[in-house]
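Here is a short report on charged pairs and helix packing. Please look over the sequence and the model before reading on.

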Amino acid sequence: MTPAPHRSHTDDLLAFIAASPSPYHVVASAAQRLEKAGFRELLGTDDWAGASGGCFVSRAGALIAWYVPEGAPAHTPFRIVGTHTDSPNLRIKPAPDTGSSGWRQIGVEIYGGVPLNTWLDRDLGISGRLALRGGPDGTPRSRLVQIDEPLLRVPQLAIHLDRSVNDGVALDRQRHIAPIWALGDPREGELLRLVAEAAGEDAADVLGWDLMLHDIQPPGYLGAEREFVVASRLDNQVSVHAGVTALVDAATGVTEPSFVPVLAAFDHEEVGSGSETGAQSPLLERVLSRSVAARGGSDEDWSRALAGAFCVSADMAHAVHPNYAERHDPDHRPLPNGGPTIKVNVNQRYATDSTGIAVFTAACERAGAPWQPFVSNNAMPCGTSIGPLTAARLGVTTVDVGVPGLSMHSARELCGVADPAYLAAILGAVMAGR
């Protein structure tokens, strides 16, 4: 059966995932845990002068959190864990109410690299945020919404009507992915009314939305020994949850101000990170530089803090697939529960170099956790992460790592039960330097 220490961490991870069906919910879940640990939220429009201790800034689907130990000089180096909050999924179109042949349907866009067949014949709910009419000054309000009910379904064509289905399903991204949810003719505004009611708001006050679909099947354990975790959005909520856990642990265990631990959880990684809340934006740079200035630091202090900084980019990795082993490098075949992987690509799809490997493996030793090397098969294209973007933007030594799993980007993914706890322990060792 699952080892007790790992099971405790993973139980908490599953609760985190269940509460976080959208990037906006991920940020809310992380913020709730940070506030419980004594962190306070700072607004971009606030005066940050004197801000110390645990602080965080949230913006839509992104969150930057940090902890300044008591007595830490303004030039104290940063120890950064970078992650992302988004996952590939189906997102609701601006004019969603549509239909065909007597069925009422919802129009969706495809977000990120989605294996579309994994979204067929699943019971789907709706989540995201609403932008609402605000107060007298016209500033809009924001409201999260999460409907964990079987509202929609993308039905697969019966085999009787496509005898070649087992030779390969060819899904048209426009025609075949619109989910059904009722019979009859489309009714303009129907979806908006339902979602607004679920959020406790008047549909007339909704000025815009960022809504998406999620599989309502809860996360859980799999296998004869319950040694696997199965859930939606493991990529990359495993890493966000581990980063929050590590930051709280580092903050509560600091005995001397060697480093300022930082968690950077960006949005839009799955579509290239090119947004105001993505890793290509100046968000992290601006927040960290303001944190230095808030403690009376100069430009020289800021430069020194970056010069001594180190970043771990934590994102899911590929475990060797037993049915497609030839797709992997023959000498680099990570398995679940063998520890997180260190991801290497000489073409800088990952930012890892020998210095980063040395720092990370030393943290693994301090945490008593295993690790595994990963490199892609030369004949296969290599994925990427926020690691190279962060390294290039800040000029900081960065290592790319991740928990190995199967079915990455599917509607439901798998990883080992022990690896999330290993990752959290290692990230805590990196952040605290102990």
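## An arginine and its partner

At 26% relative accessibility, R33 is partly exposed. This is a predicted model. The side chain of R33 meets that of D12 in a salt bridge, with 2.5 Å from N to O. D12 lies in helix α1 (residues 4–18) and R33 in helix α2 (residues 23–36), so the bridge ties together parts 21 residues apart in sequence. D12 is also partly exposed, at a relative accessible area of 30%.

Side chains of opposite charge can pair when their charged atoms come close. The structure holds 14 salt bridges.

## A bridge between two loops

R133 and D205 form another salt bridge through their side chains, at 3.5 Å from N to O. R133 sits in the loop between β7 (124–132) and β8 (141–152), and D205 in the loop between α3 (190–198) and β10 (206–215), so this pair links parts that are 72 residues apart in sequence.

Both ends are partly exposed. R133 has a relative accessible area of 43%. D205 has a relative accessibility of 25%.

E190 forms a salt bridge with R187. The closest N and O atoms of this pair are 3.6 Å apart. Salt bridges that share partners join R104, R187 and E190 into one network.

Buried means under 20%. R187 is partly exposed, at 46%.

## Helix α4

Helix α4 covers residues 234–253, 20 residues in all. From first C-alpha to last, α4 reaches 28 Å. That is close to the 28 Å expected at 1.5 Å a residue.

How many of the 20 residues of α4 are buried? The count is 16, so α4 is largely enclosed by the rest of the structure.

## Packing of α2 on α4

Two packed helices are described by the angle between their axes and the distance between the axes. For α2 and α4, the angle is about 15 degrees and the axes are 10 Å apart. The two helices are therefore roughly parallel to each other. Angles under 35 degrees count as roughly parallel. The crossing of α2 past α4 is right-handed.

On the α2 side, the contact is made by V26, A30, R33 and L34. On the α4 side, the contact residues are Q237, V240, H241, V244, L247 and V248.

Note on methods
Residues are numbered from 1 along each chain as its sequence is written. This is a predicted model: local features need pLDDT of at least 70, side-chain atom pairs count only at pLDDT 80 or more; totals for chains, interfaces and linings use all residues. Side-chain values use heavy atoms; hydrogens and water are left out. A salt bridge is a side-chain nitrogen of Lys or Arg within 4 Å of a carboxyl oxygen of Asp or Glu. Helices (H or I, at least four residues) and strands (E, at least two) are DSSP runs, numbered from the N terminus. Buried means under 20% relative accessible area, exposed over 50%, partly exposed in between (1.4 Å probe, protein chains only). The expected span of a helix is 1.5 Å times one less than its number of residues. Axes are lines fitted to C-alpha atoms, for helices over the stretch in contact, and angles run from 0 to 180 degrees between N-to-C directions. Angles under 35 degrees count as roughly parallel, over 145 as roughly antiparallel, 65 to 115 as roughly perpendicular and the rest as oblique. A crossing is left-handed if the near helix is turned anticlockwise from the far one by less than a right angle, and right-handed if clockwise. Contact means heavy atoms within 4.5 Å.
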